[in-house]
Amino acid sequence: MSVEKVKAYFKKYNIENRIQEFEQSSATVELAAKAINCEPKRIAKTLSFMVNNIPILIVTSGDARIDNSKYKSQFKTRAKMIKPDKVEDLIGHNIGGVCPFAVNDNVLVYLDESLKRFKTVFPACGSSNSVIELTIDELQKYSNFKSWIDVCKNWN
């Protein structure tokens, strides 16, 4: 299970015990916000795309939506999400638990500007019923992100 991969990854940093696991699903922004009793916008959702045959992850705030023109300007191609049946093979986590931690080696991670307005956010941890609360600095550190980008709309 990929939550175990994430726990092993976080063990290097001695934060594996901060992962919260729930009886109920936290696979969507709304379900995760309900499970941890926070505003949906503080859920750090991780979206998976293909760019020039390279899998990428974009971590955004829960209330943000991909802006196609901003995306195309950033990546020089139109937004093409990875097909659901390919996500686990390409990323290393299944839909509902996709996160920027313990991903496959060739996956590039980007953080969207929509996250910077929060002190802490809640990304998934590899399963459809797990999250961890991280500061923005911690999210940067543990995600091994490539860069901050601005590809979202409807959040500010």
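**Entry 1. Residues with positive phi**

I looked up N144 and found it in the loop between α5 and β9. The model is a predicted one, and I read every value below with that in mind. I noted that phi of N144 is near 50°, a positive value in a residue that is not glycine.

I located A102 in the loop between α4 and β5.

**Entry 2. Aromatic pairs**

I counted nine aromatic pairs in the model. One of them joins F10 and F101, a tilted pair with 4.9 Å centre to centre and 55° between the planes. I placed F10 in helix α1 (residues 2-11) and F101 in the loop between α4 (87-91) and β5 (108-112), so this pair ties together parts that lie 91 residues apart in sequence. Both F10 and F101 are buried.

I also examined F49 and Y71, which form a tilted pair at 5.1 Å centre to centre, with 45° between the planes. Strand β2 (residues 43-51) holds F49 and helix α3 (residues 68-75) holds Y71, so the pair ties together parts 22 residues apart in sequence. I recorded F49 as buried because its relative accessible area is 2%, and the limit for buried is under 20%. Y71 is also buried, because its relative accessibility is 0%.

I traced a cluster linked by ring pairs, made up of Y9, F10, Y13, F101 and Y142. I noted a further ring at W148, where the charged end of K116 sits over the ring, 4.7 Å from its centre.

**Entry 3. The sheet**

I followed six strands through an open sheet in the order β8-β6-β2-β3-β5-β9, with mixed pairing. I identified β8 (134-135) and β9 (147-149) as the edge strands, each pairing on one side only. Strand β6 (residues 120-123) and β8 run antiparallel and are joined by two bridges. I found T120 standing opposite T135 in β8.

**Entry 4. Nonpolar cores**

I asked which residues of the largest nonpolar core touch the most other members. Of its 30 residues, they are V6, F10, I91, F101, L115 and I132. I listed the elements that each supply at least two residues of this core as α1, β3 (54-61), α4, β5 and α5 (136-143). Another core lies apart from it and has 14 residues, among them I56, I58, C152 and W155.

I then examined the surroundings of I132, leaving aside its neighbours within four places in sequence. I132 is in contact with F10, I15, R18, I19, F101, V121, F122, P123 and C125. This list includes F10 and F101, which I had already recorded as an aromatic pair.

**Entry 5. S130**

I located S130 in strand β7 (residues 130-131). I classed S130 as buried because its relative accessibility is 0%. A polar contact of 2.8 Å joins its side chain to that of S127. Leaving aside neighbours within four places in sequence, I found S130 in contact with V3, I19, Q20, E21, F22, S26, P123, A124 and C125. I noted that I19, P123 and C125 are among the contacts of S130 and are also among those of I132.

Key:
Residues are numbered from 1 along each chain as its sequence is written. This is a predicted model: local features need pLDDT of at least 70, side-chain atom pairs count only at pLDDT 80 or more; totals for chains, interfaces and linings use all residues. Side-chain values use heavy atoms; hydrogens and water are left out. Rings of Phe, Tyr and Trp (its six-membered ring) pair if their centres lie within 6.5 Å; planes under 30 degrees apart count as stacked, over 60 as edge-to-face and the rest as tilted. Helices (H or I, at least four residues) and strands (E, at least two) are DSSP runs, numbered from the N terminus. Buried means under 20% relative accessible area, exposed over 50%, partly exposed in between (1.4 Å probe, protein chains only). A charge sits over a ring if NZ of Lys or CZ of Arg is within 6 Å of the ring centre and within 35 degrees of the ring normal. Two strands pair if DSSP finds at least two bridges between them. A nonpolar core is a set of buried Ala, Val, Leu, Ile, Met, Phe, Trp, Tyr and Cys residues joined through side-chain atoms within 4.5 Å. Contact means heavy atoms within 4.5 Å. A polar contact is a pair of N or O atoms within 3.5 Å; within protein, one must be able to donate a hydrogen and the other to accept it, and residues adjacent in sequence count only if both atoms are side-chain atoms.
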